[in-house]
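Me: I would like to learn how to read this model feature by feature. Could we take the general idea of each feature before turning to the case at hand?

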Amino acid sequence: MTPLSSYLVLAAIIFFIGLLGALTRRHAIIVLICIELMLNAANLNFIAFWRFNPHPEAMLGPIFVLFSIAVAGSEAAVGLALVISIYRFYRSVDVEKMNALQG
Amino acid sequence: MAVILSNPDQAIVNLVHEALNLLQAYPALAILASILLSTLPLVVIFPSGFAFITWMERKGLARIQNRIGPNRVGVPFTNIKLFGLGQPLADGVKMLLKEDIVPRTADKFAHFLAPVLVVIPALLVLALLPFNRNMVAAGVDSAVILFFALGSVSTLAIFMAGWSSRNKYSLLGGMRAIAQMVSYEIPLVLSAVTAIMITGSLNTSRLIETQQIGTWAASNNVGLQCLSQVAGWNVFTPWGFAGFVIFFIATLAEVNRSPFDLPEADSEIIAGHLTEYSGFKYALFFLAEYIGAFAMSGLATTLFLGGWHGPNIRPWWSADPEAWIIPGALWFFLKMLLLIVLMIWVRGTFPRLRVDQLMGFAWKFLMPLSILNIFVAGAYFYLPIWIGWPAGFIILYIAYELLGRLNRGQVVARREYRYAT
Amino acid sequence: MNITFTILSTLAIVSALLAARLRNLVYAVLSLMIFFSALAALFIVLLAEFIGAVQILVYVGAVGILILFAIMLTHHIAGSTGERIDARGWFWAIPAAGAVLFGILLPAIIYTPLPLVPSSSTYEPSVLHLGQALMSPYAATLEIMALLLTAAMIGAVVIAMTLQPGDKEKHADQN
């Protein structure tokens, strides 16, 4: 049986990859993809901690992850609708070109 | 022999257990043998069932359309015409030998992966169906939602097929196919929820166990024993009947069969997402469609038609309280065959739906009806049966009429041909 | 270390890297699907079968398709222009993310006494407990989540709609 720290290190690495991508990439949809990576890393953390909990019948891990998945899904939907709407205005999804509020 | 006869319908399972017991000394070999024994029958039986069903479909559609269908290809290399039963073999050889054309600008990786990705979930979900009391390859506790989850992976594969062909008709056809499959997933899952709610478990074996009348099954009266296995089916309740009809219609839409075969119809958008596929990849798409139809019919029999229960009597020579004479797997396959015949019959009878009629039907008719079905199922569970049963039917019939009238505006007006004399 | 965990974690890390760094957008999303599936398999290994199934159903079956639709509607595969894929100032993101990983997350994992084996090894995965938990302590959260999903659905449709409020008369006769 793998120890709990292996799952936590895996989740930390995935969070790091997602954070790096979200801070770095220019394409707005890739930024949304990296946000999904970070959310999934957090979900993995919850389920790993729940499994090693002395009382798994209370189902705290899966309940939180269920709501997290629901929230992430709705956030992806609204975020992508925003990206589509922005594309119609700017004709591009480059985050560097969206600097109307800058300065 | 005594092992077989004491529990006739579990004879195969008992034989397999005894065979695996011989391998107790080598646990790795025993695990490998048990994995092979649970999955190889699925991989062997269902594709050969697919071949038989293609023959049956062509003959059945032909008879509905007042023609004969394939009747020349019998046993190969001889002159015996076996009612055209060799036709699937000929079709398979043709598909294998066809040239595999890939467009020059197509995305080769995705173009190759799409047919594979469409077949894998269809075969995978067959492992979740219980064909008899202990004959389920993967008896997990949340089987039904795994079924729907794995079924929704095929939408991704259809998008990949439409996108990778670099053909605007393929892309449009793929988008329409995905819109159709995603829209019909909602009535599919909601109608299954009623059966899950009343049974109280997502486990497919448990769903089937509760669809018999246990008190009658334990009695000594042969008639009551037969009836106990049939009268408990979910389809004989108001919510079960409505749920079964909604599930069946949504299944037709999920596997892209007529009258919902807009994505692959020749007269519509060439062949939609299948335009640029030839040879064996095309055959793989159709294999996925028919095996998906098998899997969904299997789930429909599990949820609504009582699974492996059928009119059965207990063997009087056996002391086992769970033994029956006719194997339950026979009833399961008979029900699946009945549902496939129904699908073929519907294909030959109804014209194809237009894309806006299709979407309107899913969102404005089936979805409200399936949500109301959940309420009716809940009310049926709590009310005594002599109120719940007729009340359920009346409420569902009123809803059906009202929703039908609300959607009446979709009917195209009668055409006027001004220049026809 | 388990062979299952090794395979699944390697798959997850490699597909996450590909999803974050590939230039071709459709390939990035496809590797994101592989990542979701690897994570769903990890959930099933951790005996949260329902959550694994929900992960595939929601993420692979819905969110992935949504991202692919959005890519198709914004027409920017970003493979052909030859520009760099990273934004300006990408260099400073590496120490920032590295500080999060090596400064916060990894020390927290290393310096906390964590259990090595699951303390309840007789746990049978069942959906019954999840249903009971959703009904008794967390029913209000369920209702709020339903409101949130409805609001998100209506909001997404309103934001992405092509018809502006003044164009109703102009477009009405085209139907």
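**Reading the three chains**

Reply: Starting at the N terminus, the elements of chain A follow the order α-α-α, and the secondary structure amounts to three helices and zero strands. Helices (H or I, at least four residues) and strands (E, at least two) are DSSP runs, numbered from the N terminus. This is a predicted model, in which local features need pLDDT of at least 70 and side-chain atom pairs count only at pLDDT 80 or more, while totals for chains, interfaces and linings use all residues. Residues are numbered from 1 along each chain as its sequence is written, and chains are lettered from A and ligands numbered from 1 in the order in which they are written.

Me: How should I read the radius of gyration of chain A against the globule rule?

Reply: The radius is taken over C-alpha atoms, and the globule rule is 2.2 Å times the number of residues to the power 0.38. For the 103 residues of chain A the rule gives 13 Å, whereas the radius of gyration is 17 Å, well over that value, so chain A is more spread out than a compact globule. Along its principal axes, the C-alpha trace of chain A spans about 55 × 25 × 25 Å.

Me: What share of the residues of chain A count as buried?

Reply: A residue is buried if 20 or more other C-beta atoms lie within 10 Å of its own, exposed if 12 or fewer, and partly exposed in between, with C-beta atoms placed from the backbone. By that criterion, 54% of the 103 residues of chain A are buried.

Me: Which pair of chains shares the most contacts?

Reply: Two residues are in contact if their C-beta atoms, placed from the backbone, lie within 7 Å. Of the two pairs of chains in contact, it is chains A and C that share the most contacts, with 65 residues of chain A meeting 72 residues of chain C. On the side of chain A that touches chain C, helix 3 gives the most, with 21 residues, and the residues of this side divide into 47 nonpolar, 12 polar and six charged. Here Ala, Val, Leu, Ile, Met, Phe, Trp, Tyr, Cys and Pro count as nonpolar, Asp, Glu, Lys and Arg as charged, and the others, Gly among them, as polar.

Me: Which residues does Ala70(C) touch, and is Ala70(C) buried or exposed?

Reply: Ala70(C), found in helix 3 (residues 49–74) of chain C, is buried, with 25 other C-beta atoms within 10 Å. Leaving aside residues up to four places away in sequence, Ala70(C) touches Ile29(A), Leu80(A), Val83(A) and Ile84(A).

Me: Where does chain B make its contact, and how far is chain B from chain A?

Reply: The contact between chains B and C takes 16 residues from chain B and 15 residues from chain C. Helix 6 (143–151) and helix 7 (153–164) of chain B each supply at least two residues of the side that touches chain C. No contact joins chain A and chain B, whose closest C-alpha atoms lie 14 Å apart.
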